Amino acid sequence: MADRDRSDMIKGTLDMLILKVLSWEPMHGWGIGERIQGLSADTLAVNQGSLYASLHRLTREGWIRSSWRTTENNRRARYYELTRAGARQLGLETAHWRRLSGAVDAILAAG
Amino acid sequence: MLRRLKDLAFRIRTLLFPGLMERELDDEVAFHLEMETAKHVLAGLDRSEARRRALRSFGGVGRQKEAARDSWGVALLNDLAADLRRGGRQLRRAPEFAIAAIATLALGIGATTAIFSVAWRVLGDGPPVDDPGSLVAVYTTCRRGDPQCSSSWPDYLDYRDRSRTLVDAGAFSPVPFNFGAEQGARLVTGEVVSGNLFSMLGVRAHLGRLIGPADDRRGAAAPVVVVSHDLWRGLLGADSGAVGRTVRLNGAPFTVIGVAGPGFRGLSLASPADAWVPVFTGPLLGASVGAVGAGGAVFDSRGNRWLGTIVGRRASGVTLAQVRQEMDALALALGEAYPDDRAAVGGVRGITVDPAEGYILPLGSEADLRRFLGLLLAVVGATLLLAGVNVANLLLARASARSRELGVQLAIGARRGRLVRQLLTESLLLGVLGGATGLAVAFGVLRGLGAYELPGGVSIGALDAGLDAGVLLFAVVTSLLTAVGFGLIPALRATRKDLVSFIKGASARVSDSQRLRRGLVAVQVALCVVLLVGSGLFLRTLRNSLNEPLGFEPSGAVAARFNLTLLRYDSEQTRAFTAALRERVRALPGVRAAAVGTLVPFQRGGFRGIFAEVPGYARAPDEEIRFDWVVVTPGYFEALGTPVLAGRPIGPEDGAGGRGVAVVNRFAAEKYWAGASPIGRGIRFGDTTLTVVGVVDTPTWSAVGEQPTPFVFISVAQYPEAASSGFLTLVARSDGPETALLPAVRGAVRAIEPGLSLAILEPLEGLVGAALMPQRIGGLLLTLFGGLALLLAAVGIYGVVGYTVTRQAREIGIRMAVGADGRQILLGVTRGLAFPILAGLLVGVVAALLLGRTVTTFMYGVRPGDPATFLVMVGLLSAVAALATIIPARRALRLDPVAVLGGD
């Protein structure tokens with residue numbers, strides 16, 4: 001792709017990031033992708049297609065739900081929002097990620 | 001849990017509304033691309049370039065949509081279609097396998113569905129009425145002690161009006177009608193009903209209206225009739241103008257006011273009704289149709305218990321126990337209020353309350369009916385199981401044949417789940433085809449059983465058991481469960497990873513599926529033992545019953561039953577008709593004897609009891625002497641073939657004006673005149689004393705092996721009024737074939753009274769046979785399925801041995817080449833089966849012993865644990881098993897070592 005130094009998403013983290021973004025406010029798919037890319041200062045490239053597969057999977061898991069709403073530009077778009085189960089899942093995944101990345105950091109920092 | 005539910009809801013949504021999901025996905029992607037394009041346009045690209053970039057960064061719209069769709073689980077559906085196509089191809093490629101499996105399944109499913117539909121009609125179904133769960137049937141205890149007997153009209157009024165636990169209660173009683181319409185006349189079963197019955201039950205009218213309280217006022221009852229939907233479609237030609245027509249019931253004009261809704265034939269299972277009239281029109285229906293016609297007195301007499309069934313509806317919140325409690329108290333109160341009414345032996349009156357949720361089963365036969373249907377269901381269930389086992393066996397054999405193909409698919413990376421699904425789809429296809437064929441089989445079985453009767457005289461044909469929605473659902477669920485249930489293990493076995501080794505040619509090793517097939521052989525053998533022992537027991541019962549002396553000779557005689565009161569004959573006309581008929585039939589070529597009586601053995605129902613005094617007999621306190629009485633013409637015993645043991649039969653000399661004579665059966669003679677001869681002694685019936693002139697053998701009246709009861713036979717010439725109410729039966733005995741006699745008898749009846757329809761015209765043997773129907777059906781089905789089981793078990797054993805020989809051909813060849821003993825080789829290929837066969841025999845014997853106990857009531861002259869039956873059947877099975885083992889095993893001995901070793 002255009003930017004080689006943009007990191008590919010580590011497997012499984014996309015779900016967590018989607019949940020995180022949705023924990024602020026309901027958002028449509030495109031907006032979620034933009035948010036993730038923007039907040040990571042363009043470091044994380046979201047494969048836009050797999051974004052939708054993730055969104056549908058999360059919907060099936062019952063962690064997010066969707067509804068059709070109108071955007072500020074008066075366009076119909078499917079908005080996703082976090083469910084209570086999703087909020088719980090986000091907590092779990094965040095804790096898990098912290099533990100994992102801490103461990104990786106510790107190893108990298110050693111020697 | 002909740003998540004699963006949500007997931008399920010999502011999947012169902014995708015399955016139900018694939019279009020909607022698809023459109024939403026399109027919209028979503030379109031929106032995304034639009035936003036992405038707009039972003040690039042804002043960054044300064046021109047529109048088409050922006051669009052292209054948006055598409056590229058999305059990464060292939062089609063593929064991404066596919067990924068999203070996959071996450072819905074829709075792929076399953078597409079795969080299913082592909083699996084079905086592939087499955088169909090596979091079945092076409094192996095037609096013998098497909099036909100064998102489908103035929104086996106069709107037999108199992110068909111038989112099970114047919115029996116289920118009968119059982120469902122009897123036990124599960126009910127008449128189309130409102131809230132059947134709150135209905136109860138109310139009976140008065142018989143004088144003889146039976147808890148469920150008919151009630152008197154004043155009883156009914158008391159039960160209805162004094163009960164607080166019942167909202168309302170209606171009553172009905174069966175009456176035969178000679179139903180005459182413009183289109184013709186027919187003898188139909190009718191019912192007199194209380195005016196409130198239909199509204200209480202909530203029966204709906206198809207046309208016109210139903211009988212209401214206004215039609216049924218005492219002394220001013222309207223001569224109106226409601227007919228069943230069936231009768232309307234048949235006799236009345238489905239004429240929508242039938243309402244308002246006048247028809248003749250036993251000669252009296254009645255106006256048709258309505259047609260009951262389809263499916264409503266009253267509440268009795270054994271005698272579905274076709275016409276209903278208000279109970280107070282009873283006196284219009286002829287001199288004495290039942291007791292109802294005997295004038296108004298029957299509505300006042302507490303002793304005249306003619307009202308067949310009372311049905312009440314429980315008040316809401318009232319339990320059955322509370323109704324019973326109230327009725328017990330009412331019974332006590334009535335007993336005190338009417339001490340003269342001989343309510344029961346010992347003077348205790350009782351009221352029985354039964355739930356009446358479904359059809360009202362024939363009294364006294366409910367338990368037998370349930371047990372018999374349970375037995376039939378068990379038999380067909382076992383057959384279905386057997387069919388399933390056999391299909392599993394076939395699938396296993398087929399899987400080994402396809403092992404190479406499956407192995408290749410696994411090796412090139414097919415997921416195992418996918419292959420299992422493919423194999424299961426094939427079994428499912430088998431199930432669907434087997435089920436569809438099974439429905440045709442069920443239809444045939446039902447038609448074939450139509451002429452048979454269940455315990456309690458319930459004719460299977462009259463049940464009108466059809467393939468309705470419930471039964472169809474049963475068949476579909478059964479087919480699918482059988483197919484998937486018995487397809488799963490073979491499918492799992494066939495796709496194990498180590499199948500890869502098959503491709504590499506590992507051949508000598510006994511596969512797991514062989515072990516499984518041996519297990520299936522054990523199951524088959526066990527089921528086989530149970531079915532064969534059952535069939536043996538039923539066949540022995542039949543033989544014992546047929547060999548049992550009946551006290552009369554069924555073969556060579558025919559019976560014709562008719563009802564002259566329906567033609568409003570008085571007693572003089574009745575006497576003249578019977579005399580004329582008797583003369584005419586006696587004059588027929590080949591006829592040795594002909595007589596008319598109020599009753600013949602095995603005609604079912606029509607018994608009449610009378611209390612008597614026997615001078616000289618010392619009665620126990622509370623003991624009642626009760627005779628069943630039969631009014632006969634001369635020649636009756638000769639026509640029946642009942643030996644006269646002492647004295648003389650009723651003869652022409654016993655005419656009007658002579659002294660009243662009686663003939664008793666041997667049972668009565670031994671009981672009341674113990675040891676001494678009753679000839680010349682008297683029996684008192686009320687004011688009348690009859691002199692005993694003869695003793696005859698004790699004819700069996702309703703069931704082989706029944707407990708005999710005292711009978712008295714009196715002369716129709718002396719008591720014509722006793723014969724002028726209700727049905728009469730002509731018995732004729734000839735030297736020629738019975739089939740030739742039947743039309744001749746019909747002709748004789750027609751010649752004297754063209755308007756008389758016959759209720760029965762059949763050989764006496766047919767009547768006896770009908771009483772043995774349960775044993776016959778049991779014997780028929782068990783023998784049929786036992787034979788089938790034997791065949792399937794033999795095929796199963798043969799298959800396992802044959803397969804072993806084929807697989808071990810190389811090893812056997814080598815051993816033969818080095819000079820091994822033939823016996824050892826035989827042992828080698830059959831050894832593996834000894835255990836499963838023995839285990840199957842053992843389990844089968846134990847199961848047959850346990851199950852046998854539940855069918856004792858249907859056995860006669862043979863115990864359920866009868867050692868001879870067990871020995872014969874186990875021996876038969878062992879012999880068949882041995883043959884099925886040895887025949888394919890001998891093939892091993894004929895193997896040509898050179899060919900086997902060189903060929904592979």
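This is a predicted model: local features need pLDDT of at least 70, side-chain atom pairs count only at pLDDT 80 or more; totals for chains, interfaces and linings use all residues.
Local features need pLDDT of at least 70 and side-chain atom pairs count only at pLDDT 80 or more, while totals for chains, interfaces and linings use all residues. Residues are numbered from 1 along each chain as its sequence is written, and chains are lettered from A and ligands numbered from 1 in the order in which they are written.

Chain B holds 28 helices and 23 strands; helices (H or I, at least four residues) and strands (E, at least two) are DSSP runs, numbered from the N terminus. Of its 904 residues, 45% are buried, meaning that 20 or more other C-beta atoms, placed from the backbone, lie within 10 Å of the residue's own. Among contacts (C-beta atoms, placed from the backbone, within 7 Å) with a separation of 6 or more in chain B, 82% join residues 24 or more positions apart.

Strand S22(B), residues 727-734, has seven of its eight residues buried.

| Strand of chain B | Residues | Sense with S22(B) | Bridges |
|---|---|---|---|
| S13 | 557-563 | antiparallel | seven bridges |
| S14 | 591-597 | antiparallel | six bridges |

B:Arg733 in S22(B) is the bridge partner of B:Ala557 and also of B:Ala593.

Helix H7(B) spans residues 153-162, and its buried residues are B:Trp153, B:Asp155, B:Tyr156, B:Asp158 and B:Tyr159. Among the elements covering these buried residues are strands S1 (135-140), S2 (166-181) and S9 (309-314), together with helix H10 (320-337), of chain B.

Conventions:
A residue is buried if 20 or more other C-beta atoms lie within 10 Å of its own, exposed if 12 or fewer, and partly exposed in between; C-beta atoms are placed from the backbone. Two strands pair if DSSP finds at least two bridges between them. Two residues are in contact if their C-beta atoms, placed from the backbone, lie within 7 Å.
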